[in-house]
Amino acid sequence: MKKIIPFMLVVWLMPAMVVAQQNAGQQQPSQSREELERRKKELQREIDEANEQLQVTKKSTRESMGQLRALRDKITARTRLINNINDEINFINGDINSAYRDVNTLKKDLDTLKAQYAQLVVYAYKNRSTYDLMNFVFSASSFNDAVKRFQYLKQYREYRRRQADNIVVTQDLLTKKIGNLESQRLKRGDALKTEQEQRSILEADKKEKDEVLSKLKGREKELVQDINQRKKDAQKVQIAIRNVIKREIEEARRKAAEEEAARKKALEEKRRREEEARKAAAAAAAAEKARAAAEKAANANNNTAATPPPAEKPAEKPAEKPVEKPTPAPAPPPAPTRSENVLEATPEALALSESFEANRGKLPWPVDAGNIIEHFGIHQHAVMERITVPSDGIVIATNKGGPVKSIFDGEVRSVVVMPGMGYMIIIRHGQYFTTYIRLQTTRVKKGDMVKTGQVIGTASVNDIENSGEVELQIWKGNAKQNPEQWIRRR
């Protein structure tokens, strides 16, 4: 029986170790697969949006830059989707390999458990007379020995029962693992099929993109003219914006100078009044002193003859020294503050600037639906890559005549018409300015106070692209900002 005890302990703990190892190996892949699934849904949404935009632009009578952009967006998103599917396949392959290892391990464990259980049965059979409960117990030499023998037999029977249960549990785990393995194989097959389908669609998109690009290159002269005209329009817009900002700065400086002059005048008037009051007090004190001296002299003349010689005057007490007032402690240096900016001269303007900055990356889009078709900065032209095209903001394709909204609280400082580009609205937010260009109509005027999300106009119509367009620019004083770093991601 002593030989069986170590064997019993090993077999007892084996199923628990197998289950714990299995659970530990499954936790991390499930989290990674959830991330892949989320990215997959996002990429599919981008592809759907690009498809919608492509269908809109195809309604035009000829190929356009919008079609090319939509096709390139589709190709980019679909390529990322294929990479995502390949990552998913790699995870599935890892799960399959892990499942193979688990199945083999469980098979070996099951064989071991069955062999050990068979040994127990054989041993019990060969020694069955010994295990007769009554004979084994009553053959003990003492009562304590009989109790120990009874407990031993009870534990041994419990151990055999647990061995049988372990075999059943291991068989169940093996069955589940085999079923999971088959499920993973099916998932891999579906993923490989989807990946092949996406590759076929990707090739078709690339072919269509090349056809559109080839036709657009055939209109190179027209495109160059359009690029040059857009550059001229952009320069006019920039000049208009800078003039508005310059005017706002000059107005702020004028108001600040007037307030400073008024403050100095009030301070000078206060000092003058204080000086006059001091002189009046000094004159009154001198007059009172002269009156007192005159009264004293008159009293002295009247009492000179009748008054006996004056007694010896007592010694005068030494004059008390004035109590020195303690010198106040120097005031602590002021805490560091923002660098002074004339556009933040008032508390309201400062608070608006700080609030605008606090919402960096969280500001709403100026339109309800749309996608960015022109990004901030200098970039290559989509057709003629040798030409660079600068952009002072972002251009958003949206619904024709769709509402355009203010992205933050502020005051309208300019509403003008830009030839060839529609209306332009400039809203001030402390030292920040948001500019909305290419509007078809406006609903605000200079001096209006607007709130976040308030409709200020409607999007212009691009007949060639068969869609609406809105351009958004953000300025910090005279410095241009990248709007994509300020508005929230979709």
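Modeller: Start with the cavity: on a 1 Å grid over the protein atoms alone, it is a set of points where a 1.4 Å probe fits but cannot get out. Grid points are joined across faces, edges and corners, and a volume is the space filled by probe spheres set on the points. The model is predicted: local features need pLDDT of at least 70, side-chain atom pairs count only at pLDDT 80 or more, and totals for chains, interfaces and linings use all residues. Residues are numbered from 1 along each chain as its sequence is written, and side-chain values use heavy atoms, with hydrogens and water left out.

Biologist: How many cavities of 30 Å³ or more does a search of the whole structure find?

Modeller: Two.

Biologist: What makes a residue part of the lining of the largest cavity, and which residues are they?

Modeller: A lining residue has an atom within 4 Å of a point. Q53, G66, R69, A70, D73, N371, I373, A397, E465 and S467 line the largest cavity. Helix 2 (65-126) gives the most, with four residues. Helices (H or I, at least four residues) and strands (E, at least two) are DSSP runs, numbered from the N terminus.

Biologist: Why is strand 4 called mostly covered?

Modeller: Buried means under 20% relative accessible area, with a 1.4 Å probe and protein chains only. Five of the five residues of strand 4 (residues 394-398) are buried, so the label holds. I394, I396 and T398 are on one side, V395 and A397 on the other.

Biologist: How do you know that strand 4 pairs with strand 11?

Modeller: Two strands pair if DSSP finds at least two bridges between them. Strand 4 and strand 11 (residues 467-476) have five, in the antiparallel sense, and therefore pair. The bridge partner of I396 in strand 11 is V470. Strand 1 also pairs with strand 4, antiparallel over three bridges. There, I372 stands opposite I396.

Biologist: What makes a nonpolar core?

Modeller: Buried Ala, Val, Leu, Ile, Met, Phe, Trp, Tyr and Cys residues, joined through side-chain atoms within 4.5 Å. The largest such core has 25 residues, and I425 is among those with the most contacts inside it. Strand 4 and strand 11 are among the elements that give two or more residues to this core. Apart from it lies another core, of 14 residues, among them V237, V244, I426 and I437.

Definitions and conventions
On a 1 Å grid over the protein atoms alone, a cavity is a set of points where a 1.4 Å probe fits but cannot get out, and a pocket is an open set with protein on both sides within 12 Å along at least five of seven lines; lining residues have an atom within 4 Å of a point. Buried means under 20% relative accessible area, exposed over 50%, partly exposed in between (1.4 Å probe, protein chains only).
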